[in-house]
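Visitor: Please show me the structure, and then I will ask about its parts one at a time.

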Amino acid sequence: MINTQNIEIEKTKHSKLSQTDFTNLEFGAVYSDHMFVMDYKDKQWGGLRIVPFQNISMSPATSVLHYGQTIFEGLKAYRADNGDILLFRPLDHHKRLNKSAKRLCMPELDESAYLEGITELIKLDRAWIPNQPGCSLYLRPFMYASDEFIGVKPSSTYKFIVFTSPVAGYYKGTVKVIIETEYVRAAEGGTGFTKSGGNYAASLLPAKLAAEKGYQQIMWTDSKEHKYFEESGTMNLMFIIGDTLVTPPLSTSILAGITRDSILTLAKDWGVKVEERRVSVDEVVKAYENGTLKDAFGTGTAATITQISTINYKGTDLVLPGEETRELSNKLNKALNDIKLGKAEDKFGWIYRI
Ligand code: COI
């Protein structure tokens with residue numbers, strides 16, 4: 001257990017706040033003034049500090065640059081009407097980070113150091129939390145292997161850093177997606193359930209090819225048969241077929257989305273029929289053809305709920321019903337936002353108040 005009372009704080013002398021246009025935020029383009037850092041060496045975490053946001057200098061031989069031993073998280077902070085800062089499910093993000101760490105052979109993070117680090121960071125940069133509708137302060141915790149060594153082995157030193165970025169939604173409006181039947185995002189037993197850099201690197205080429213055809217995202221299918229849906233690049237996938245909310249079950253190849261869990265929890269609480277089971281491409285195409293596919297959407301921290309307007313399968317576009325007809329996903333989106341902003345009861349204990 002780390003003594004977190006002593007986080008050293010070095011404040012910036014050159015705040016970028018006044019030069020930041022909060023009315024035109026994009027996802028991930030500007031960073032607030034400070035970052036939280038700690039180091040792992042001699043089998044323990046230490047050196048907890050908050051410093052001005054700055055570049056990292058490293059040897060070209062640093063392990064992470066060669067073998068990708070790096071993991072990250074993404075979580076959001078909101079400002080409530082009464083001025084309180086509300087973090088959404090930070091402890092669940094911590095648990096997931098540690099699951100990723102274990103799989104990538106990296107050290108786990110002490111909960112108190114993580115929580116105190118981000119709390120102090122957000123307190124210091126609280127003026128960076130946007131008020132604009134749909135906007136929030138996105139926190140990006142990440143850890144990387146910092147040994148200067150190019151043999152393939154787990155690093156013995158690591159850095160953990162959290163920086164923050166005022167953001168709007170990841171997607172602007174609905175997305176057109178394409179069902180991927182050639183490339184694979186992750187296979188069973190691999191690292192698909194982790195938030196590790198390599199998963200995203202592997203998705204870039206197929207995503208680029210999809211973008212060239214006019215689709216913003218890919219719907220990944222299973223690695224064995226390309227028959228069952230897995231997830232979408234930055235989101236978990238959900239369908240409303242008839243009156244049932246259907247989503248692929250978690251596995252070693254699917255990220256356990258915290259927004260996914262929140263949406264399923266809300267829907268179940270409202271008495272909606274929810275099924276976590278394998279969903280085949282065939283089933284969705286048939287449901288589209290017989291008119292029972294009412295909705296398809298992605299869920300994710302960055303994406304929140306993003307409705308899918310069009311699904312392309314083997315060259316044919318399935319055009320889904322208009323956004324206004326998607327009663328359940330619209331309602332779930334609003335309910336989740338109200339909880340995040342402290343406007344609705346936090347029945348499930350998801351809010352961490354600073
Ligand atoms: C998130 O939803 O926080 C993500 O990690 C998506 C990110 C890769 C942009």
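Visitor: Which domains does the domain assignment give, and how many Å separate their centres?
Guide: This is a predicted model. The domain assignment of the chain gives domain 1, residues 8-167, and domain 2, residues 175-341. Taken over C-alpha atoms, the separation of their centres is 27 Å.

Visitor: Which element gives the largest share of the side of domain 1 that touches domain 2?
Guide: In this contact, 22 residues of domain 1 meet 12 residues of domain 2. Two or more residues on the domain 1 side come from each of strand E4 (70-72), strand E5 (75-79), strand E6 (85-88) and helix H2 (90-103). By class, that side has 10 nonpolar, 5 polar and 7 charged residues. The largest share, 6 residues, comes from H2.

Visitor: How many charged residues does the shell around the ligand have?
Guide: The residues around the ligand are Gly74, Tyr170, Tyr200, Thr234, Gly300, Thr301 and Ala302. By class, 3 of the shell are nonpolar and 4 are polar. The number of charged residues there is none.

Visitor: Why are the buried residues of helix H6 on the same side?
Guide: In H6, residues 281-289, the buried residues are Val281, Val284 and Ala287. The face turned away from them carries the exposed residues Asp282 and Glu289.

Visitor: Which strands do the buried residues of H6 pack against?
Guide: The residues in question are Val281, Val284 and Ala287. They pack against strand E9 (175-179), strand E10 (217-221), strand E11 (229-232), strand E12 (236-241), strand E15 (293-300) and strand E16 (304-313).

Visitor: Is aspartate 42 buried or exposed?
Guide: Aspartate 42 is in the loop between strand E2 (34-41) and strand E3 (44-52). Its phi is positive, near 50°, in a residue other than glycine. Most residues other than glycine have a negative phi. Aspartate 42 has 8 other C-beta atoms within 10 Å, so it counts as exposed.

Visitor: And arginine 89, buried or exposed?
Guide: Arginine 89 is found in the loop between E6 and H2. Arginine 89 is not a glycine, yet it has a positive phi of about 50°. With 22 other C-beta atoms within 10 Å, arginine 89 is buried.

Visitor: How many Å apart in space are alanine 145 and valine 177?
Guide: Alanine 145 is found in strand E7, and its 26 C-beta neighbours inside 10 Å make it buried. Leaving aside neighbours within four places in sequence, alanine 145 is in contact with Ser63, Val64, Gln69, Thr70, Ser155 and Tyr158. Alanine 145 and valine 177 are 32 residues apart in sequence, and from C-alpha to C-alpha the distance is 34 Å.

Key: Residues numbered from 1 in each chain as written. Predicted model: local features only at pLDDT ≥ 70, side-chain atom pairs only at ≥ 80, totals over all residues. Domains from an automatic or database assignment. Contact = placed C-beta atoms within 7 Å. Helix = DSSP H or I, 4+ residues; strand = E, 2+ residues; numbered from the N terminus. Nonpolar A, V, L, I, M, F, W, Y, C, P; charged D, E, K, R; others polar. Near = placed C-beta within 6 Å. Buried ≥ 20, exposed ≤ 12 C-beta atoms within 10 Å, placed from the backbone.
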